[in-house]
Amino acid sequence: MKAAVVQFPGSNCDVDLVKALKQFDVAVDVVSHQQTDVFDYDALFLPGGFSFGDYLRSGAIARFSPIMTTVKQAAAAGKTVVGICNGFQILTEADLLPGQLMQNETPGFICDQVGIEIENPATRFTKAYDRTEITLPVAHGEGRYYADEATVAQLNTQHQVVLRYQTNVNGSSDHIAGIMNEAGNVFGLMPHPERAVESLLGNADGQGFFRSLLAPVDVH
Amino acid sequence: MYLGKVYVSYKPSVLDPQGTVIQNKLGQLGFADVDSVKQGKYFEIKLKADTKQDAATQLEELTQALLINPNTETYRYDLEEVSA
Amino acid sequence: MYLGKVYVSYKPSVLDPQGTVIQNKLGQLGFADVDSVKQGKYFEIKLKADTKQDAATQLEELTQALLINPNTETYRYDLEEVSA
Amino acid sequence: MSQVPTEMQAEPTPAEIKQSRVYQQWGLTQAEYEQICQHLDRLPNYTETGLFAAMWSEHCSYKKSKPVLKRFWSQNDRVIQGPGEGAGVIDIGDGQAVVFKAESHNHPSAVEPYEGAATGVGGILRDIFSMGAQPIAVLDSLRFGEINDNYTKHLVDQVIAGIAGYGNAIGIPTVGGEIAFDDVYKGNPLVNVMAVGTLDQADLHVGKARGTGNKILYVGAATGRDGIHGATFASSDFESETEQDRSAVQVGDPFLEKLVMDATIQAVRQFGSDVVGIQDMGAAGLVSSSAEMAGKAGNGVHLNLDRVPQRETNMTPYELMLSESQERMLLVVKPEALERVAKLFTDAGLSAVEIGTVTDDGRYQLQFHGQTVTDVEVNYLVTPPKQHQAERVPHRLETEDRTQYQPQIEDASATLMQLLGQSTIASKAGLFRHFDSMVRTDTVIRPGGDAALVRVTGTNKGLALTTDISGRYTYLDPEIGGARAVVEAAQNITVTGATPIGLTDCLNFGDPDDPEVYYELDHASQGINTIAQRLNTPIISGNVSLYNETDGQPIYPTPMVGMVGLLQDVHQATTSFVKQAGDLVYLIGT
Ligand SMILES: Nc1ncnc2c1ncn2[C@@H]1O[C@H](COP(=O)(O)OP(=O)(O)O)[C@@H](O)[C@H]1O
């Protein structure tokens with residue numbers, strides 16, 4: 001797999017994502033948000049951080065970066081597109097995923113390890129997991145997933161909810177921690193699997209996410 | 001030169017945690033008559049335009065393009081001519 | 001019942017990083033006539049009071065006590081009577 | 001200085017300054033002012049008077065604490081850079097080094113807790129990356145009044161939010177620190193922040209304006225009127241009733257600093273010695289950074305203020321020089337590399353403007369609208385007259401019965417419960433969970449243990465980090481209190497398995513002109529120094545925060561010690577958490 005990690009001004013988990021991908025021997029490039037010609041990647045990652053300071057609304061300004069045109073084309077072409085944390089916020093602002101990430105129910109940044117239920121284990125992002133209860137790090141101040149009731153209902157019936165919080169850390173609609181698009185190739189999640197790939201750092205539950213991505217695509 | 005003042009607030013159905021926090025704090029501070037608090041955003045935007053109508057069009061366009069998220073927010077604005 | 005709308009903005013000398021970033025982006029999006037952007041806060045506060053004067057006093061007090069940071073921010077407000 | 005530029009016409013003339021003695025409000029004493037007049041052989045103008053007031057403030061010059069600091073033991077075979085630069089540097093083997101320093105932001109945080117704490121983080125991080133290092137961790141030591149007070153609660157919330165707001169956004173993990181509550185800090189909270197970075201020794205840069213003809217490059221944010229006279233503000237008593245002081249407020253922009261940080265580190269790696277020197281603009285902004293860089297190199301510097309990027313209109317030289325707008329740096333760059341270095345910054349959307357030149361005339365010269373508005377000797381500007389501070393044993397140490405502080409324990413389990421119920425002892429997890437402690441994915445031991453442990457990226461080495469304060473002990477016995485802070489820090493480091501290798505400190509004290517306070521400062525420092533030497537942990541950087549008083553009432557003498565330890569293999573790390581039922585517990589030591 002050939003992957004690109006998009007670097008927006010203010011991204012700060014780009015390095016972590018690159019480190020994690022390399023650990024799984026993925027060939028990975030960091031590409032600038034201003035780039036437009038990045039077609040030959042199998043997967044595009046939008047990393048965590050505070051793109052453009054998260055000013056106005058998280059993701060609101062990054063969605064206009066030149067690379068987002070390419071990201072949309074890649075998404076339409078069925079390539080893998082993953083937004084983690086700030087990346088998720090950008091994907092919703094760019095309408096690649098429904099809903100919006102809003103200020104936590106109790107205002108304030110949360111950095112913690114939280115219990116996660118893998119709601120849909122049959123996606124290209126989760127299929128390598130051999131259990132449905134995992135622990136992942138979260139680190140966000142605007143991580144409350146919000147969508148109107150109809151949208152949430154639709155996400156549920158179409159199995160687009162990939163991850164749920166076991167305990168609703170931020171007040172998300174229906175405990176939603178991660179969703180994918182209808183086609184199943186665009187995935188946004190607030191937890192940080194890239195921070196959970198080394199047991200030395202206390203948590204290796206994110207490994208299943210990377211293993212899933214590397215497994216043959218046709219399983220889905 | 002025109003000065004547009006744009007007021008953005010959450011749609012009534014959307015939770016406003018910051019408003020709730022402020023409301024509770026006001027209660028603790030003894031402001032017992034406060035019934036509800038909603039927090040929104042406020043922008044002051046200066047722009048060049050030939051006519052007020054033109055300024056209004058620009059202001060609406062840029063607000064919808066960038067300042068608000070139509071899923072959760074609504075807005076209104078005031079517009080006045082000012083010296084540059 | 002009264003509805004107070006409080007508009008809080010930074011004093012002119014205070015850095016407004018958000019406004020700057022928004023202004024730059026609007027420029028890139030083709031809104032070339034935008035001269036400046038300042039971001040502030042906007043509050044809608046409903047409160048009970050016997051008279052408008054009383055409501056105004058309460059609103060000013062609570063704004064100064066909690067809503068603004070007098071070091072960096074100034075405010076103005078509108079006040080109107082509304083049905084409860 | 002014939003024609004006065006319009007911006008400056010409202011300023012008092014040199015004669016008016018002399019008459020009104022406005023400099024006294026800025027912290028210059030009458031004697032100092034007279035000495036300046038004598039040295040210049042004329043009356044200083046408004047700009048010059050402001051520059052001297054800032055540069056000769058305790059905050060910038062350490063004129064009062066220097067005798068104490070000079071004694072600090074700061075050299076062993078590991079030390080690459082001791083005190084005197086943005087941060088100290090210690091060899092950690094394999095051509096790498098650790099860079100660290102602590103800084104206080106007490107006064108700004110008292111008036112403006114969120115921004116004060118946030119810009120404290122921003123400032124100490126600039127000290128680290130101005131050395132060419134990549135910051136890898138932040139720690140914070142906080143002191144507040146008792147938590148049951150509403151205003152204190154507000155302060156705590158805001159300070160924590162400010163540290164989180166800045167550190168999380170810039171993407172440097174906050175991995176440790178400590179928080180305690182005591183009434184003496186009610187009106188004067190302490191916000192001490194330590195930052196740690198690593199670098200390849202070849203990338204080390206210092207803040208020196210070497211090489212005549214080299215260019216002074218201003219990078220980062222534009223200059224506004226924020227925080228003018230912050231340095232003098234930090235060097236005077238904090239009186240709770242003076243609301244006017246509150247104009248000295250700076251707002252931080254972590255987004256911008258992230259861009260400045262990344263570009264600076266890249267400039268160092270890409271252009272090496274073509275970037276001759278780097279210094280951040282901290283207290284007393286442009287004047288302090290440029291004058292110090294020139295002073296350390298024994299050179300002069302000529303600046304053209306018209307070229308300084310400005311956020312506001314009609315700024316005067318005085319304002320431009322003394323502004324403490326955040327997220328700004330000065331680079332000294334060889335002329336032939338200037339354009340390419342500047343491009344690195346402008347490509348990131350930052351200002352990068354050549355504002356002056358290094359000269360060999362030893363003069364500090366400022367041009368504004370074609371006029372010379374300042375012309376003084378660099379050396380004189382950066383060397384305030386020596387101070388002798390009187391000392392006296394604090395009255396309480398001589399007269400008070402110390403047994404009153406000895407705990408009377410009758411029912412040990414009741415006492416234990418009481419202790420555990422204290423906010424100072426209770427878990428701080430609810431507070432530090434606001435800090436991103438994991439970003440950069442090298443944090444091996446997160447907050448909650450005795451010391452944090454951060455892996456040196458790409459290696460198996462780990463750096464153990466801790467900060468410790470012993471205010472109460474220092475109040476009871478300054479020397480033992482200072483020593484104890486070091487011992488506690490070393491114990492915390494050792495718990496991870498690492499070996500302590502060096503320390504930094506923040507000396508938080510009251511008014512140094514009070515002989516009892518100066519005694520505390522002197523003796524607490526001696527305590528720190530003695531133990532540091534014994535533990536082979538040189539003191540390679542630090543910071544002094546004096547005038548921590550509210551309405552004449554000083555805080556406890558409160559030295560903060562930040563220590564760094566080295567662990568060769570992070571896989572050997574131990575944590576302080578109990579592991580499983582049935583394990584045995586040993587008590588060792590005395
Ligand atoms: N208490 C202290 N112990 C050791 N070194 C100190 C202490 N206080 C200040 N220093 C050193 O003196 C120098 C000047 O400090 P400072 O003015 O705080 O630097 P900056 O302006 O970069 O923050 C620094 O190198 C600092 O490490």
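Biologist: Where does A:Asn203 lie in chain A?

Modeller: A:Asn203 sits in the loop between β11 (186-189) and α5 (207-214) of chain A. Helices (H or I, at least four residues) and strands (E, at least two) are DSSP runs, numbered from the N terminus. Before we go on: this is a predicted model, where local features need pLDDT of at least 70, side-chain atom pairs count only at pLDDT 80 or more, and totals for chains, interfaces and linings use all residues. Residues are numbered from 1 along each chain as its sequence is written, chains are lettered from A and ligands numbered from 1 in the order in which they are written, and side-chain values use heavy atoms, with hydrogens and water left out.

Biologist: Is A:Asn203 buried or exposed?

Modeller: Buried means under 20% relative accessible area, exposed over 50%, partly exposed in between (1.4 Å probe, protein chains only). A:Asn203 has 7% relative accessibility, so it counts as buried.

Biologist: And how do I read a salt bridge?

Modeller: Side chains of opposite charge can pair when their charged atoms come close. The rule here wants a side-chain nitrogen of Lys or Arg within 4 Å of a carboxyl oxygen of Asp or Glu. Over all chains, the structure holds 43 of them. Take D:Glu48 and D:Arg42, with 2.8 Å from N to O. D:Glu48 is buried at 0% relative accessibility, while D:Arg42 is partly exposed at 30%.

Biologist: Which parts of chain D does the pair D:Asp127 and D:Lys101 link?

Modeller: That salt bridge, with its closest N and O atoms 3.6 Å apart, links distant parts of the chain: D:Asp127 is in helix α8 (residues 113-129) and D:Lys101 in strand β3 (residues 96-104), 26 residues apart. D:Asp127 is buried at 8%, and D:Lys101 is buried at 9%.

Biologist: What separates D:Asp347 and D:Lys343 in helix α14?

Modeller: About one helical turn, because they are 4 residues apart in that helix (residues 338-347) of chain D.

Biologist: How many salt bridges cross the interface of chain C and chain B?

Modeller: The rule finds 2. C:Lys48 forms a salt bridge with B:Asp35, with the closest N and O atoms 3.8 Å apart. On the side of chain C that touches chain B, β2(C) gives the most, with 14 residues. About 2900 Å² is buried between the two chains, with carbon and sulfur atoms giving 61%; buried area is the accessible area (1.4 Å probe) that two parts lose on being put together, summed over both.
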